[in-house]
Amino acid sequence: MTVPLPPLPPAADDAYRPGGRSLADLVDAEHRTLLELADRVTEPGLDPAGRRRVLDVLTAAVSRHLSAEEQYLFPAARAAVPESADLVAREIEADAALLTALKHLSGPDDAVVADVAERVRRHVSRVAALVTPLREVASDAELIRLGNRWEIAEEAAPTRPHPGTPATPPWNKIVEPAVGVLDKVRDAVTGRRTRLADLEHRRDA
């Protein structure tokens with residue numbers, strides 16, 4: 001049975017399987033990365049400069065992730081699993097609180113950093129409760145098509161926290177890429193690192 005999802009290009013037939021990664025698999029993989037960064041940023045003995053670098057990457061990863069999540073995962077969950085609507089609404093509020101905490105993170109203060117890391121861990125736990133039922137009712141093709149759009153949205157997403165931007169379609173699909181362009185310009189000018197690979201390169205150096 002076809003699951004009602006946000007508008008996507010029409011498939012050729014029910015057996016059509018597009019190329020790409022499933023939305024559910026992408027979310028799971030990114031959650032593992034976020035948990036890794038949350039653990040690294042709270043490592044005992046991490047020097048302030050090292051913590052600042054991990055914080056920059058964690059902030060960018062969370063900002064991109066939540067942007068794509070609100071554009072595609074939440075609308076899909078609402079459409080395909082109507083009983084998840086209340087959970088989605090609560091998670092949008094929690095996302096805004098997490099972005100606000102990141103926005104006000106002015107330095108590597110241990111208590112504040114620990115609070116942000118714990119918010120990230122709770123986010124991962126809660127969103128798993130949305131992904132599991134969606135995986136059960138959506139077809140592989142639907143999840144892959146959503147995954148393709150997730151990756152496009154994430155590439156254009158902000159790399160800095162903007163808790164005041166729209167959190168639901170259609171406005172977030174318009175505003176987030178525009179804000180993302182400005183963030184990337186700032187990152188380029190300041191030399192700010194925003195990818196996990198940037199941290200790995202420093203470890204290998």
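Does N172 count as buried or exposed, and at what relative accessibility? The close-up views below, taken from a predicted model, begin with this residue.

**View 1. N172 in helix α6.** N172 has 1% relative accessibility, so this residue counts as buried. The cut-off for buried is under 20% relative accessible area. Beyond its neighbours within four places in sequence, N172 contacts E70, Q71, P166, A167 and P177.

**View 2. V189, an exposed residue of helix α6.** Helix α6 covers residues 171-190, and V189 is found there. V189 counts as exposed because its relative accessibility is 70%. The cut-off for exposed is over 50%.

**View 3. A nonpolar patch on the surface.** Three residues form this patch: V181, V185 and V189. Together they have about 290 Å² of accessible area.

**View 4. The largest nonpolar core, with 24 residues.** L23, V27, L73, L134 and W150 touch the most other members. At least two residues come from each of these helices: α1 (23-41), α2 (48-80), α3 (85-103), α4 (110-137) and α5 (140-156). Helix α2 gives the largest share, seven residues. In soluble globular proteins, nonpolar side chains tend to be buried together.

**View 5. W150 and the residues it touches.** Leaving out residues up to four places away in sequence, W150 touches L23, L26, V27, E30, H65, A68, E69, Y72 and L73. Among these, L23, V27 and L73 are also listed with W150 as touching the most other members of the largest core.

**View 6. Another core, of 21 residues.**

Conventions: Residues numbered from 1 in each chain as written. Predicted model: local features only at pLDDT ≥ 70, side-chain atom pairs only at ≥ 80, totals over all residues. Heavy atoms only, no water. Patch = residues over 30% accessible without salt bridge, like charges linked within 9 Å, V, L, I, M, F, W, Y side chains within 5 Å. Areas by Shrake-Rupley, 256 points an atom, 1.4 Å probe, with all protein chains shown as cover. Salt bridge = Lys/Arg side-chain N within 4 Å of Asp/Glu carboxyl O. Helix = DSSP H or I, 4+ residues; strand = E, 2+ residues; numbered from the N terminus. Buried < 20%, exposed > 50% of the residue type's maximum accessible area, 1.4 Å probe, protein only. Contact = heavy atoms within 4.5 Å. Core = buried A, V, L, I, M, F, W, Y, C linked by side-chain atoms within 4.5 Å.
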